[in-house]
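Here are my notes on this model, as numbered points. Please keep the structure open while reading.

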Amino acid sequence: MVDAPVLDRNHLADALAHFEPRIVDPTDRRSAAVVIAVMSDGSGGQAIPLTMRPTKMRAHPGQFALPGGGVDAGETGADAARRELHEELGLDVEPSAVLGRLDDYVTRSGYVITPFVVWSDRSITTLVPHLEEVAEVFAVGLPEIDTEPRFVDIPESSKPVIQWPFRRHLVHAPTGAVVYQFREVALHGRHTRIDGFDQPVFAWR
């Protein structure tokens, strides 16, 4: 892990511009977008918002998630990412704040999830979560992102399950995979793919 990593907007935009994301044809699948929003942590560092889904939600209750959701008809993935940031966290960003994207991730439940990276000069402490969609917001510092994941073999799949250690928890794909790829591309300049990582069996539904 590097010591106190810091991302400059231009450096981040350049890193994403040189990365060629893996794009998956969404035919016969549902499209969704998630967001890695690089923000001030309010004390001189940087952080990204990670949410906890309410336990009463129908889909994936009580799980960690990046802000995001389904792409509506007539909407681009980037537009959906910006809309979801506003709806879930009260964060408005201009189209120019979208610096790039990472690999599409195909979930076992039939979604193609496209991660977008956005920049905001706002402090993460000013976010106002929509409580019907977000039970809690965590400010994830860059040193926490820059953590080696775990890869676990399971009998149900030929692909290892990725686990991103976050505080006292293990965050699985797709969230854990997306955070891992962001770490590889943004912090280390390594064009690491994530299509070889599976979700745990409980998330296959």
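1. Terms for strands. Two strands pair if DSSP finds at least two bridges between them. Helices (H or I, at least four residues) and strands (E, at least two) are DSSP runs, numbered from the N terminus. E6 and E7 form a hairpin with 4 residues between them. In its turn, Gly 110 has a positive phi of about 95 degrees.

2. Basis of the model. This is a predicted model, in which local features need pLDDT of at least 70 and side-chain atom pairs count only at pLDDT 80 or more, while totals for chains, interfaces and linings use all residues. Residues are numbered from 1 along each chain as its sequence is written, and side-chain values use heavy atoms, with hydrogens and water left out.

3. Strand E7. How many of the 13 residues of E7 are buried? The count is 10, so E7 is largely enclosed by the rest of the structure. Buried means under 20% relative accessible area; exposed is over 50%, and partly exposed lies in between (1.4 Å probe, protein chains only).

4. Partners of E7. E1 (residues 30-40) runs parallel to E7, with 10 bridges joining them. Within that pairing, Ala 37 has Val 118 as its bridge partner. E5 (residues 98-101) pairs with E7 in the antiparallel sense over 3 bridges. There, Gly 100 is bridged to Val 117. E6 (residues 105-106) is also antiparallel to E7, over 2 bridges. Val 106 has Val 112 as its partner in E7.

5. Strand E2. Residues 46-52 make up E2, and 7 of its 7 residues are buried. In a regular strand the side chains alternate between the two faces of the sheet. In E2, Gln 46, Ile 48, Leu 50 and Met 52 point one way. Ala 47, Pro 49 and Thr 51 point the other way. Both sets are buried.

6. Partners of E2. E1 and E2 run antiparallel, joined by 2 bridges. Ser 40 is bridged to Gln 46. The hairpin of E1 and E2 has 5 residues between the strands, and Gly 42 takes a positive phi near 90 degrees in it. E8 (residues 136-141) is antiparallel to E2, with 6 bridges. Here Ile 48 has Val 140 as its bridge partner. E3 (residues 64-65) is joined to E2 by 2 bridges, again antiparallel. Met 52 stands opposite Phe 64 in E3.

7. The largest core. A nonpolar core is a set of buried Ala, Val, Leu, Ile, Met, Phe, Trp, Tyr and Cys residues joined through side-chain atoms within 4.5 Å. The largest one has 31 residues. Leu 7, Leu 12, Ile 36, Val 38, Leu 102 and Phe 182 touch the most other members. At least two residues each come from H1, E1, E2, E7, E8, H3, E10 and H4. H4 gives the largest share, 6 residues.

8. Contact means heavy atoms within 4.5 Å. Not counting residues up to four places away in sequence, Val 38 touches a set including Leu 7, Leu 12, Ile 48, Val 117 and Phe 182. Another core, of 17 residues, lies apart from the largest one. Among its members are Val 35, Ala 37, Ala 80 and Val 118.

9. Helix H1. Leu 12, Ala 15 and Leu 16 are buried in H1. They cover an arc of only 95 degrees around the axis, which puts them on the same side of H1. The arc is that of the directions from the helix axis to the C-beta atoms. Their cover includes E1, E5, E7 and H4. The face turned away from this buried side carries exposed Asn 10 and Ala 17. Asp 8 caps the N-terminal end of H1, with a side-chain oxygen 2.9 Å from the backbone nitrogen of Asn 10.

10. Backbone points to check. Where is the cis peptide bond? It runs from Ala 173 to Pro 174, with omega near 10 degrees. Pro 174 sits in the loop between E11 (169-172) and H4 (175-188). Asp 28 is not a glycine, yet has a positive phi of about 70 degrees. Its loop lies between H1 (9-17) and E1. At 81% relative accessibility, Asp 28 counts as exposed. Arg 167, another residue other than glycine, has a positive phi near 55 degrees. Arg 167 is in the loop between E10 (161-166) and E11.

How values were computed. A polar contact is a pair of N or O atoms within 3.5 Å; within protein, one must be able to donate a hydrogen and the other to accept it, and residues adjacent in sequence count only if both atoms are side-chain atoms.
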